[in-house]
Amino acid sequence: LPPIEEYEKRLKEIWDNNWITNYGPLEREFHEKLKDFLDVKNIEFFVNGHASLEVAIKALGLTGEVITTPFTFASTTQAIINNGLTPVYADVDEEYYNLDPDNIEDLITDKTSAIIPVHVFGNPCDVDKIEKIAKRNDLKVIYDAAHAFNVKIDGNPIGSYGDISMFSFHATKVFNTIEGGALMYDDNDLTYKFRSIKNFGITPDNEEVEFLGVNAKMNEFEAAMGLINLEYVESAIAKRKIIYEKYLECLSNLEDQGRVKVLRPKDNVEYNYAYFTIKLNTFDEKDHLFNKLPEYNVYAKRYFYPPCNEFPAYDFEKNTPIAKNVSDTILSLPLYLDLTVEDVEKICKIIEIELK
(Lines give C-alpha, C1' and ligand atoms only; values in the text may rest on other atoms or scores of the structure.)
Protein backbone atom coordinates (compact mmCIF):
# COMPACT_ATOMS: atom_id res chain seq x y z
CA LEU A 1 0.00 0.00 0.00
CA PRO A 2 1.26 3.50 -0.80
CA PRO A 3 1.04 6.38 1.71
CA ILE A 4 -2.64 6.82 2.50
CA GLU A 5 -2.36 10.60 2.20
CA GLU A 6 -1.45 10.23 -1.48
CA TYR A 7 -4.40 7.94 -2.13
CA GLU A 8 -6.74 10.34 -0.34
CA LYS A 9 -5.66 13.12 -2.73
CA ARG A 10 -6.60 10.96 -5.69
CA LEU A 11 -9.88 10.02 -4.03
CA LYS A 12 -10.65 13.74 -3.73
CA GLU A 13 -10.19 13.99 -7.52
CA ILE A 14 -12.74 11.20 -8.02
CA TRP A 15 -15.26 13.07 -5.87
CA ASP A 16 -14.50 16.35 -7.65
CA ASN A 17 -14.85 14.71 -11.07
CA ASN A 18 -17.98 12.84 -10.02
CA TRP A 19 -16.76 10.03 -12.31
CA ILE A 20 -16.35 6.54 -10.85
CA THR A 21 -15.95 4.17 -13.80
CA ASN A 22 -16.20 3.82 -17.62
CA TYR A 23 -13.02 5.45 -18.97
CA GLY A 24 -12.74 8.15 -16.33
CA PRO A 25 -10.04 10.86 -16.29
CA LEU A 26 -7.83 8.95 -13.84
CA GLU A 27 -7.90 5.84 -15.99
CA ARG A 28 -6.99 7.89 -19.05
CA GLU A 29 -4.08 9.49 -17.18
CA PHE A 30 -2.96 6.08 -15.91
CA HIS A 31 -3.21 4.67 -19.43
CA GLU A 32 -0.77 7.18 -20.90
CA LYS A 33 1.69 7.01 -18.01
CA LEU A 34 1.84 3.22 -17.88
CA LYS A 35 2.14 2.87 -21.66
CA ASP A 36 5.13 5.20 -21.59
CA PHE A 37 6.64 3.51 -18.53
CA LEU A 38 6.45 0.02 -20.04
CA ASP A 39 7.33 1.20 -23.58
CA VAL A 40 4.55 -0.75 -25.30
CA LYS A 41 2.55 0.21 -28.37
CA ASN A 42 -0.95 -0.43 -26.99
CA ILE A 43 -2.42 -1.14 -23.58
CA GLU A 44 -5.99 -1.70 -22.46
CA PHE A 45 -7.12 -1.92 -18.82
CA PHE A 46 -9.55 -4.34 -17.20
CA VAL A 47 -11.08 -4.95 -13.80
CA ASN A 48 -8.66 -7.85 -13.17
CA GLY A 49 -6.13 -10.06 -14.90
CA HIS A 50 -8.44 -13.03 -15.36
CA ALA A 51 -11.07 -10.94 -17.14
CA SER A 52 -8.27 -9.56 -19.32
CA LEU A 53 -7.29 -13.05 -20.43
CA GLU A 54 -10.87 -14.09 -21.14
CA VAL A 55 -11.39 -10.98 -23.28
CA ALA A 56 -8.12 -11.58 -25.15
CA ILE A 57 -9.29 -15.06 -26.12
CA LYS A 58 -12.72 -13.75 -27.19
CA ALA A 59 -11.22 -10.94 -29.25
CA LEU A 60 -8.96 -13.27 -31.24
CA GLY A 61 -11.91 -15.57 -32.02
CA LEU A 62 -10.05 -18.71 -30.98
CA THR A 63 -11.64 -22.09 -31.60
CA GLY A 64 -11.05 -25.73 -30.76
CA GLU A 65 -7.88 -26.46 -28.79
CA VAL A 66 -5.29 -24.28 -27.11
CA ILE A 67 -1.87 -25.58 -26.10
CA THR A 68 -0.87 -24.35 -22.67
CA THR A 69 1.01 -25.28 -19.51
CA PRO A 70 -0.33 -27.22 -16.52
CA PHE A 71 2.10 -25.37 -14.23
CA THR A 72 0.15 -22.16 -13.75
CA PHE A 73 -2.60 -20.60 -11.67
CA ALA A 74 -6.14 -21.90 -12.19
CA SER A 75 -7.08 -18.72 -14.05
CA THR A 76 -5.14 -19.68 -17.18
CA THR A 77 -7.00 -22.95 -17.64
CA GLN A 78 -10.37 -21.53 -16.66
CA ALA A 79 -10.12 -18.62 -19.10
CA ILE A 80 -9.66 -21.17 -21.89
CA ILE A 81 -12.54 -23.40 -20.77
CA ASN A 82 -14.88 -20.47 -20.09
CA ASN A 83 -14.47 -19.51 -23.75
CA GLY A 84 -15.63 -22.96 -24.85
CA LEU A 85 -12.14 -24.14 -25.77
CA THR A 86 -10.16 -27.23 -24.77
CA PRO A 87 -6.78 -26.83 -23.04
CA VAL A 88 -4.10 -29.24 -24.24
CA TYR A 89 -1.20 -29.47 -21.82
CA ALA A 90 2.44 -29.56 -22.87
CA ASP A 91 5.08 -30.29 -20.25
CA VAL A 92 7.44 -27.64 -18.86
CA ASP A 93 11.22 -27.28 -18.92
CA GLU A 94 13.23 -28.35 -15.88
CA GLU A 95 15.23 -25.11 -15.53
CA TYR A 96 12.60 -22.34 -15.44
CA TYR A 97 9.32 -24.35 -15.27
CA ASN A 98 7.94 -22.62 -18.36
CA LEU A 99 6.12 -24.28 -21.26
CA ASP A 100 8.79 -26.26 -23.13
CA PRO A 101 8.71 -25.36 -26.85
CA ASP A 102 10.09 -28.81 -27.72
CA ASN A 103 6.87 -30.34 -26.42
CA ILE A 104 4.47 -28.16 -28.40
CA GLU A 105 4.51 -29.30 -32.02
CA ASP A 106 3.62 -32.94 -31.34
CA LEU A 107 0.39 -31.67 -29.76
CA ILE A 108 -0.69 -29.47 -32.67
CA THR A 109 -3.72 -30.77 -34.59
CA ASP A 110 -6.14 -29.30 -37.10
CA LYS A 111 -8.18 -28.16 -34.07
CA THR A 112 -5.36 -26.09 -32.54
CA SER A 113 -5.86 -22.33 -32.77
CA ALA A 114 -3.39 -20.87 -30.25
CA ILE A 115 -0.64 -21.27 -27.69
CA ILE A 116 -1.01 -19.70 -24.25
CA PRO A 117 2.33 -19.92 -22.43
CA VAL A 118 2.99 -18.46 -18.96
CA HIS A 119 6.06 -16.48 -17.85
CA VAL A 120 6.29 -18.43 -14.58
CA PHE A 121 7.56 -16.42 -11.59
CA GLY A 122 8.37 -13.59 -14.01
CA ASN A 123 11.01 -15.58 -15.89
CA PRO A 124 10.25 -15.26 -19.63
CA CYS A 125 9.43 -18.23 -21.82
CA ASP A 126 11.58 -19.04 -24.83
CA VAL A 127 9.72 -16.44 -26.87
CA ASP A 128 11.82 -16.90 -30.02
CA LYS A 129 11.13 -20.62 -30.33
CA ILE A 130 7.45 -20.19 -29.52
CA GLU A 131 7.11 -17.46 -32.16
CA LYS A 132 8.68 -19.68 -34.83
CA ILE A 133 6.36 -22.57 -33.96
CA ALA A 134 3.32 -20.27 -34.04
CA LYS A 135 4.21 -18.75 -37.41
CA ARG A 136 4.99 -22.15 -38.91
CA ASN A 137 1.59 -23.48 -37.85
CA ASP A 138 -0.47 -20.27 -38.22
CA LEU A 139 -1.30 -20.09 -34.50
CA LYS A 140 -2.01 -17.12 -32.23
CA VAL A 141 0.07 -16.57 -29.09
CA ILE A 142 -1.28 -15.04 -25.90
CA TYR A 143 1.25 -14.76 -23.08
CA ASP A 144 0.03 -15.00 -19.51
CA ALA A 145 2.45 -12.43 -18.08
CA ALA A 146 0.71 -12.07 -14.72
CA HIS A 147 4.05 -12.39 -12.89
CA ALA A 148 6.18 -10.41 -15.33
CA PHE A 149 5.46 -6.72 -14.80
CA ASN A 150 8.35 -4.54 -16.06
CA VAL A 151 10.44 -7.55 -17.09
CA LYS A 152 12.64 -7.09 -20.18
CA ILE A 153 14.38 -9.53 -22.53
CA ASP A 154 17.59 -8.12 -24.01
CA GLY A 155 16.16 -4.69 -23.22
CA ASN A 156 12.83 -5.39 -24.94
CA PRO A 157 9.63 -5.07 -22.86
CA ILE A 158 7.99 -8.40 -22.10
CA GLY A 159 4.64 -7.00 -23.23
CA SER A 160 5.86 -6.69 -26.82
CA TYR A 161 5.91 -10.45 -27.49
CA GLY A 162 3.15 -12.60 -28.91
CA ASP A 163 -0.14 -11.34 -30.30
CA ILE A 164 -1.23 -10.27 -26.81
CA SER A 165 0.31 -10.29 -23.34
CA MET A 166 -1.89 -10.32 -20.25
CA PHE A 167 -0.82 -8.70 -16.95
CA SER A 168 -2.35 -8.94 -13.50
CA PHE A 169 -2.34 -5.98 -11.13
CA HIS A 170 -3.67 -7.97 -8.18
CA ALA A 171 -2.65 -6.86 -4.70
CA THR A 172 -0.12 -9.72 -4.41
CA LYS A 173 1.84 -8.65 -7.49
CA VAL A 174 4.96 -6.46 -7.80
CA PHE A 175 2.70 -3.69 -9.10
CA ASN A 176 -0.92 -3.47 -8.04
CA THR A 177 -4.06 -1.44 -8.66
CA ILE A 178 -5.84 -3.26 -5.79
CA GLU A 179 -7.36 -5.54 -8.40
CA GLY A 180 -6.88 -4.88 -12.06
CA GLY A 181 -5.30 -6.18 -15.23
CA ALA A 182 -4.18 -5.19 -18.69
CA LEU A 183 -3.61 -6.45 -22.21
CA MET A 184 -0.60 -5.25 -24.20
CA TYR A 185 -0.49 -5.70 -27.96
CA ASP A 186 0.71 -4.28 -31.29
CA ASP A 187 -2.38 -4.68 -33.50
CA ASN A 188 -4.31 -1.38 -33.31
CA ASP A 189 -7.47 -3.08 -34.57
CA LEU A 190 -7.77 -5.02 -31.31
CA THR A 191 -8.46 -1.84 -29.31
CA TYR A 192 -11.99 -1.53 -30.70
CA LYS A 193 -12.75 -5.16 -29.85
CA PHE A 194 -11.29 -4.95 -26.34
CA ARG A 195 -13.20 -1.79 -25.48
CA SER A 196 -16.43 -3.27 -26.81
CA ILE A 197 -16.16 -6.74 -25.29
CA LYS A 198 -15.24 -5.50 -21.81
CA ASN A 199 -18.37 -3.26 -21.85
CA PHE A 200 -21.03 -5.91 -22.54
CA GLY A 201 -20.08 -5.96 -26.24
CA ILE A 202 -21.29 -2.37 -26.68
CA THR A 203 -19.21 -0.58 -29.29
CA PRO A 204 -17.57 2.70 -28.23
CA ASP A 205 -18.69 4.69 -31.27
CA ASN A 206 -22.35 3.86 -32.01
CA GLU A 207 -23.25 2.03 -28.78
CA GLU A 208 -24.54 -1.04 -30.60
CA VAL A 209 -24.04 -4.51 -29.17
CA GLU A 210 -21.74 -5.89 -31.83
CA PHE A 211 -19.95 -8.54 -29.74
CA LEU A 212 -20.77 -11.08 -27.05
CA GLY A 213 -19.26 -9.24 -24.12
CA VAL A 214 -18.67 -9.13 -20.39
CA ASN A 215 -18.41 -6.44 -17.72
CA ALA A 216 -14.68 -6.04 -17.18
CA LYS A 217 -13.96 -2.31 -17.02
CA MET A 218 -11.35 -0.85 -14.68
CA ASN A 219 -12.77 1.72 -12.26
CA GLU A 220 -11.31 5.02 -11.06
CA PHE A 221 -10.37 3.68 -7.62
CA GLU A 222 -8.15 1.07 -9.23
CA ALA A 223 -6.67 3.64 -11.59
CA ALA A 224 -5.92 5.95 -8.65
CA MET A 225 -3.99 3.20 -6.89
CA GLY A 226 -2.12 2.42 -10.11
CA LEU A 227 -1.10 6.05 -10.61
CA ILE A 228 0.38 6.25 -7.12
CA ASN A 229 2.05 2.83 -7.13
CA LEU A 230 3.63 3.58 -10.50
CA GLU A 231 5.68 6.27 -8.76
CA TYR A 232 7.03 3.69 -6.31
CA VAL A 233 7.40 0.55 -8.41
CA GLU A 234 11.06 1.01 -9.39
CA SER A 235 12.15 1.54 -5.79
CA ALA A 236 9.97 -1.42 -4.78
CA ILE A 237 11.73 -3.67 -7.30
CA ALA A 238 15.11 -2.42 -6.02
CA LYS A 239 14.11 -3.37 -2.45
CA ARG A 240 12.90 -6.76 -3.65
CA LYS A 241 16.29 -7.34 -5.27
CA ILE A 242 18.05 -6.73 -1.95
CA ILE A 243 15.82 -9.31 -0.25
CA TYR A 244 16.28 -11.75 -3.13
CA GLU A 245 20.06 -11.46 -3.00
CA LYS A 246 20.06 -11.95 0.78
CA TYR A 247 18.17 -15.20 0.31
CA LEU A 248 20.79 -16.29 -2.24
CA GLU A 249 23.56 -15.55 0.23
CA CYS A 250 21.90 -17.27 3.16
CA LEU A 251 20.90 -20.39 1.24
CA SER A 252 24.21 -20.81 -0.58
CA ASN A 253 25.42 -23.60 1.72
CA LEU A 254 22.25 -25.63 1.28
CA GLU A 255 22.44 -25.05 -2.46
CA ASP A 256 26.08 -26.15 -2.60
CA GLN A 257 25.12 -29.29 -0.71
CA GLY A 258 22.41 -30.06 -3.23
CA ARG A 259 19.66 -29.78 -0.60
CA VAL A 260 17.81 -27.00 -2.43
CA LYS A 261 17.79 -25.58 -5.94
CA VAL A 262 17.20 -21.83 -6.30
CA LEU A 263 15.31 -20.51 -9.32
CA ARG A 264 17.37 -17.69 -10.82
CA PRO A 265 16.51 -15.22 -13.61
CA LYS A 266 17.94 -15.72 -17.08
CA ASP A 267 21.17 -13.85 -17.89
CA ASN A 268 19.59 -11.69 -20.62
CA VAL A 269 16.57 -10.74 -18.50
CA GLU A 270 15.91 -7.59 -16.50
CA TYR A 271 13.98 -9.22 -13.65
CA ASN A 272 11.35 -7.84 -11.27
CA TYR A 273 12.16 -10.09 -8.28
CA ALA A 274 8.53 -11.05 -7.90
CA TYR A 275 9.24 -14.37 -6.21
CA PHE A 276 11.97 -16.31 -4.45
CA THR A 277 11.42 -19.97 -5.23
CA ILE A 278 13.31 -23.03 -4.04
CA LYS A 279 13.03 -26.63 -5.22
CA LEU A 280 13.47 -29.45 -2.75
CA ASN A 281 14.61 -32.94 -3.70
CA THR A 282 11.45 -34.79 -2.71
CA PHE A 283 7.77 -34.21 -2.05
CA ASP A 284 8.29 -35.29 1.57
CA GLU A 285 10.96 -32.62 2.12
CA LYS A 286 8.75 -29.95 0.58
CA ASP A 287 5.73 -31.10 2.57
CA HIS A 288 7.69 -31.18 5.81
CA LEU A 289 9.03 -27.68 5.30
CA PHE A 290 5.67 -26.30 4.19
CA ASN A 291 3.99 -27.63 7.33
CA LYS A 292 6.77 -26.73 9.78
CA LEU A 293 7.40 -23.12 8.73
CA PRO A 294 4.08 -21.80 10.12
CA GLU A 295 5.21 -22.97 13.58
CA TYR A 296 7.84 -20.21 13.28
CA ASN A 297 5.28 -17.73 11.91
CA VAL A 298 6.74 -18.14 8.42
CA TYR A 299 4.36 -18.86 5.54
CA ALA A 300 5.57 -20.24 2.23
CA LYS A 301 3.42 -20.77 -0.85
CA ARG A 302 3.01 -23.97 -2.87
CA TYR A 303 3.04 -22.73 -6.46
CA PHE A 304 1.28 -24.33 -8.36
CA TYR A 305 -0.08 -27.26 -6.45
CA PRO A 306 -1.52 -29.39 -7.87
CA PRO A 307 -0.86 -28.72 -11.56
CA CYS A 308 -3.93 -27.69 -13.54
CA ASN A 309 -4.32 -31.06 -15.29
CA GLU A 310 -4.90 -32.65 -11.87
CA PHE A 311 -7.77 -30.40 -10.79
CA PRO A 312 -10.72 -32.46 -9.55
CA ALA A 313 -13.05 -30.11 -11.45
CA TYR A 314 -11.77 -31.40 -14.81
CA ASP A 315 -10.80 -34.70 -16.37
CA PHE A 316 -7.53 -34.07 -18.20
CA GLU A 317 -4.69 -36.33 -19.26
CA LYS A 318 -1.95 -36.36 -16.63
CA ASN A 319 0.98 -36.81 -18.99
CA THR A 320 3.27 -33.98 -17.85
CA PRO A 321 5.79 -35.58 -15.43
CA ILE A 322 8.13 -32.58 -15.15
CA ALA A 323 5.28 -30.24 -14.21
CA LYS A 324 4.09 -32.83 -11.68
CA ASN A 325 7.56 -33.09 -10.13
CA VAL A 326 8.01 -29.32 -9.96
CA SER A 327 4.58 -28.87 -8.40
CA ASP A 328 5.42 -31.52 -5.81
CA THR A 329 8.78 -30.09 -4.79
CA ILE A 330 8.87 -26.27 -4.92
CA LEU A 331 8.07 -23.56 -2.40
CA SER A 332 8.03 -19.80 -2.80
CA LEU A 333 9.42 -18.11 0.31
CA PRO A 334 8.16 -14.81 1.75
CA LEU A 335 9.22 -11.80 -0.33
CA TYR A 336 7.58 -8.44 0.32
CA LEU A 337 8.73 -4.88 0.92
CA ASP A 338 8.47 -4.87 4.72
CA LEU A 339 10.57 -8.04 4.99
CA THR A 340 14.02 -7.21 6.40
CA VAL A 341 17.35 -8.86 5.67
CA GLU A 342 17.35 -9.94 9.33
CA ASP A 343 14.02 -11.69 8.70
CA VAL A 344 15.55 -13.46 5.71
CA GLU A 345 18.47 -14.64 7.83
CA LYS A 346 16.04 -16.09 10.38
CA ILE A 347 13.94 -17.80 7.70
CA CYS A 348 16.99 -19.39 6.12
CA LYS A 349 18.27 -20.57 9.52
CA ILE A 350 14.91 -22.22 10.16
CA ILE A 351 15.10 -23.96 6.77
CA GLU A 352 18.60 -25.23 7.61
CA ILE A 353 17.36 -26.62 10.93
CA GLU A 354 14.31 -28.30 9.43
CA LEU A 355 16.21 -29.88 6.53
CA LYS A 356 18.81 -31.55 8.74
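The model is a predicted one, in which local features need pLDDT of at least 70 and side-chain atom pairs count only at pLDDT 80 or more, whereas totals for chains, interfaces and linings use all residues. Residues are numbered from 1 along each chain as its sequence is written, and side-chain values use heavy atoms, with hydrogens and water left out.

Among the elements that each supply at least two residues to the lining of the largest pocket are helix H3 (49-60), strand E8 (164-168) and helix H11 (341-354), and H11 gives the largest share, four residues. Helices (H or I, at least four residues) and strands (E, at least two) are DSSP runs, numbered from the N terminus.

The second largest pocket is lined by 22 residues, and the closest to its centre are Leu1, Val174, Asn176, Ala236 and Leu337. The table sets out both linings, with Ala, Val, Leu, Ile, Met, Phe, Trp, Tyr, Cys and Pro counted as nonpolar, Asp, Glu, Lys and Arg as charged, and the others, Gly among them, as polar.

| Pocket | Volume | Lining residues by class |
|---|---|---|
| Second largest pocket | about 620 Å³ | 14 nonpolar, four polar, four charged |

An open sheet is formed by three strands in the order E10-E12-E13, with antiparallel pairing, two strands being paired if DSSP finds at least two bridges between them. Strand E10 (260-262) and E13 each have a single partner strand and stand at the edges, so one side of each is left without a neighbour in the sheet. E10 is joined by three bridges to strand E12 (residues 276-280), and Val260 has Leu280 as its bridge partner in E12.

Across the whole structure, 27 aromatic pairs are found, a pair being rings of Phe, Tyr or Trp (its six-membered ring) with centres within 6.5 Å, stacked if the planes are under 30 degrees apart, edge-to-face if over 60 and tilted otherwise. Tyr185 and Phe194 make an edge-to-face pair, 4.9 Å centre to centre with 85° between the planes. Tyr185 has a relative accessible area of 2% and Phe194 one of 0%, so both count as buried (under 20% relative accessible area with a 1.4 Å probe, protein chains only). Ring pairs also link Phe30, Phe37, Phe45, Phe149, Phe169 and Phe175 into a cluster.

Terms used
On a 1 Å grid over the protein atoms alone, a cavity is a set of points where a 1.4 Å probe fits but cannot get out, and a pocket is an open set with protein on both sides within 12 Å along at least five of seven lines; lining residues have an atom within 4 Å of a point. Grid points are joined across faces, edges and corners, and a volume is the space filled by probe spheres set on the points. Buried means under 20% relative accessible area, exposed over 50%, partly exposed in between (1.4 Å probe, protein chains only).
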